[in-house]
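This report looks at charged side-chain pairs and at the packing of a pair of helices. Please keep the sequence and the structure in view while reading.

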Amino acid sequence: MAEQQEQAAPDAMMTRIGQVVMLHHGGDREEARGRFLDLWGEIGEGGDPLHRCTLAHYLADTQDDPADELAWDLRALSAAEELTDGDVAERHPSLAARAFYPSLHLNLAADYVKLGRSEAARSHLRRARGAAGALGNDRYGDGVRAAIGRLELRLDGADPRGGPGEGPGAVEGPGTVERPGPFGGSGGETLGPPRQRP
């Protein structure tokens, strides 16, 4: 019985991350970035992979430089690769680690688009599309699949064989690529639906 209560207890770090996500969504990007970095200092490079994945994902959203955004998204992917479905299900029974990959790869593809690296973007977009089978038929899954499709169309439009030349100016600039979260859920929680960068 105590073990079941322990599993049902909220994850304090995820709650704290969620509070900062709300601050960021409220428009205070710099304050959110500072608080996320403080949490990263607490978690550390060797901390819980679910916490690192979540935090790095949201830290990427607060970056001004696309190269910094890429670095945080790479950290999120690296942490996700340490997770198993069992690790995630222990704390969030409705989630599976494999369902993180579509949006994590989509975010990396978007980062590479911003950096004018279309081949790397296409590679991660293929991985996102390939992993999309792990998504549910719900608002979150539909949103991620739609965002994959939109970015595929944008990349096709930036292809020199079918449209304007490639390069940093061939697609919209930083902050315009949709970045869905890696987790399904509802409302403004950390485990929230896909979102648009502010």
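Glu152 has a relative accessible area of 26% and is therefore partly exposed, where buried means under 20%, exposed over 50% and partly exposed in between, computed with a 1.4 Å probe on protein chains only. In this predicted model, local features need pLDDT of at least 70 and side-chain atom pairs count only at pLDDT 80 or more, whereas totals for chains, interfaces and linings use all residues. Residues are numbered from 1 along each chain as its sequence is written, and side-chain values use heavy atoms, with hydrogens and water left out.

The side chain of Glu152 meets that of Arg129 in a salt bridge with an N to O distance of 2.7 Å; the term stands for a side-chain nitrogen of Lys or Arg within 4 Å of a carboxyl oxygen of Asp or Glu. Because Glu152 belongs to helix 9 (residues 139-158) and Arg129 to helix 8, this pair ties together parts that are 23 residues apart in sequence. Helices here are DSSP runs of H or I with at least four residues, numbered from the N terminus. Arg129, at 36% relative accessibility, is likewise partly exposed.

| Pair | N to O distance | Relative accessibility |
|---|---|---|
| Glu152 and Arg129 | 2.7 Å | Glu152 26%, Arg129 36% |
| Arg35 and Glu31 | 2.8 Å | Arg35 42%, Glu31 35% |
| Arg122 and Glu119 | 3.4 Å | Arg122 13%, Glu119 52% |

Arg35 and Glu31 are both in helix 3, four residues apart, which is about one turn of the helix. Arg122 and Glu119 are also about one helical turn apart, because three residues separate them in helix 8 (residues 118-131); Arg122 counts as buried, while Glu119 is exposed.

Turning to helix packing, the axes of helix 3 (residues 29-43) and helix 4 (residues 49-61) come within 10 Å and cross at roughly 155°, the axes being lines fitted to C-alpha atoms over the stretch in contact and the angles running from 0 to 180 degrees between N-to-C directions. The two helices are therefore roughly antiparallel to each other, a term used for angles over 145 degrees.

Definitions and conventions:
Angles under 35 degrees count as roughly parallel, over 145 as roughly antiparallel, 65 to 115 as roughly perpendicular and the rest as oblique.
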